[in-house]
Amino acid sequence: MKHLLSRYCTYISLFIILSGCNDQHGTLALGTIERDQITLTATVNEIITSQPIAEGSTIKKGEVVAILQSQQQQTRVAKAQAIQQQAQAYLLRLTNGARPEDIAAAEANVEQYQANFTDKNDDNQRIKQLFAKKVVSTAERDSAQTQRDIAQAELQTAINGLKKIVSGERIEDIKQAQAALVAAITDVTLQQQILQDYTIIATRNGIVESLPYHVGDRVAVNATIAVITTHTIPYARIYVPEPSRVNIKAGNILIIHADGIKQSYQGTVRWIATTPSFTPYYTLNGSDKARLVYLAKVDFPENGRDLPAGVPVQVEMPHER
């Protein structure tokens with residue numbers, strides 16, 4: 001009888017202990033310590049020519065992670081710069097006006113065509129008089145008139161050319177040349193920026209977590225070149241049990257316990273998911289709903305800055321309201 005009573009008391013004690021453990025686990029959210037990570041990707045489909053940083057190394061913002069082969073892009077930059085210089089020279093020619101030598105040459109053309117017109121006009125008058133006396137034929141008269149008209153047209157063309165040189169280019173042509181120069185400058189800036197993107201640099205301070213490719217590898221566009229773990233304060237990535245979800249919101253202070261560390265930390269809830277990890281929740285019964293969890297991020301305080309990533313944590317859930 002005493003033996004049975006002893007076994008009965010043992011079972012009751014074990015049941016109480018297990019019940020206490022279950023209650024304790026129900027008030028804890030499990031997870032791991034995490035840090036923000038930056039992923040650097042390839043901007044073009046090219047070969048890696050340089051990779052001055054090694055995995056696990058500390059890197060600062062602006063330092064080079066990798067350099068991609070850029071001969072083709074350098075050629076595009078040179079071509080864009082040449083087009084810019086051409087557009088700039090054309091605009092200067094329009095706005096600077098004609099040189100004295102050009103004006104003198106145009107004036108000489110006018111004088112030449114003026115003398116030619118005078119000569120052809122005199123011939124035409126003489127032929128008309130002879131035609132009236134029936135000395136020359138109709139064909140000769142018409143030929144003289146035609147030569148006179150040609151000389152007059154050439155003279156007018158020379159006069160117009162001189163006026164254009166003296167008065168300068170049309171404002172519409174100048175504006176068009178200005179627009180062409182702006183477009184050329186913009187293209188040079190764009191091509192130079194693309195060339196700069198062939199050099200992959202760190203955008204944050206941190207540790208190089210991973211370098212999936214090596215020098216000599218050809219990488220595709222948007223392929224991951226490097227993964228950097230930042231030097232920011234870590235956070236606990238936890239899964240909040242469904243019964244505790246209603247008591248947690250951004251800004252709450254929660255107690256964090258990290259494995260292997262006696263000290264506990266007071267963390268601040270940064271974010272918590274609005275939907276559970278297992279769906280559809282409305283099809284579950286009462287006991288199943290209690291197994292739902294909500295992903296949350298809890299920031300460590302300043303004194304937790306040096307905690308390593310990947311360490312398991314337990315976060316105490318607030319009591320029910």
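View 1. Of the 321 residues in the chain, 28% count as buried (under 20% relative accessible area; exposed is over 50%, and partly exposed lies in between, with a 1.4 Å probe and protein chains only). This is a predicted model, where local features need pLDDT of at least 70, side-chain atom pairs count only at pLDDT 80 or more, and totals for chains, interfaces and linings use all residues. Residues are numbered from 1 along each chain as its sequence is written, and side-chain values use heavy atoms, leaving out hydrogens and water. You will find 7 helices and 14 strands here (DSSP runs numbered from the N terminus: helices are H or I with at least four residues, strands are E with at least two).

**View 2. Strand E10 and its partners.** Strand E1 (residues 28-34) runs antiparallel to E10, joined by 5 bridges (strands pair if DSSP finds at least two bridges between them). Look for Leu30, whose bridge partner in E10 is Tyr239. E10 also pairs with strand E13 (residues 293-299), again antiparallel, over 7 bridges. There, Ala236 stands opposite Val298.

**View 3. A salt bridge between Arg270 and Asp299.** These two side chains meet at 2.8 Å, N to O (a salt bridge puts a side-chain nitrogen of Lys or Arg within 4 Å of a carboxyl oxygen of Asp or Glu). Arg270 lies in strand E12 (residues 264-272) and Asp299 in strand E13, so the pair ties together parts 29 residues apart in sequence. Arg270 is partly exposed at 34%, and Asp299 is partly exposed at 24%.
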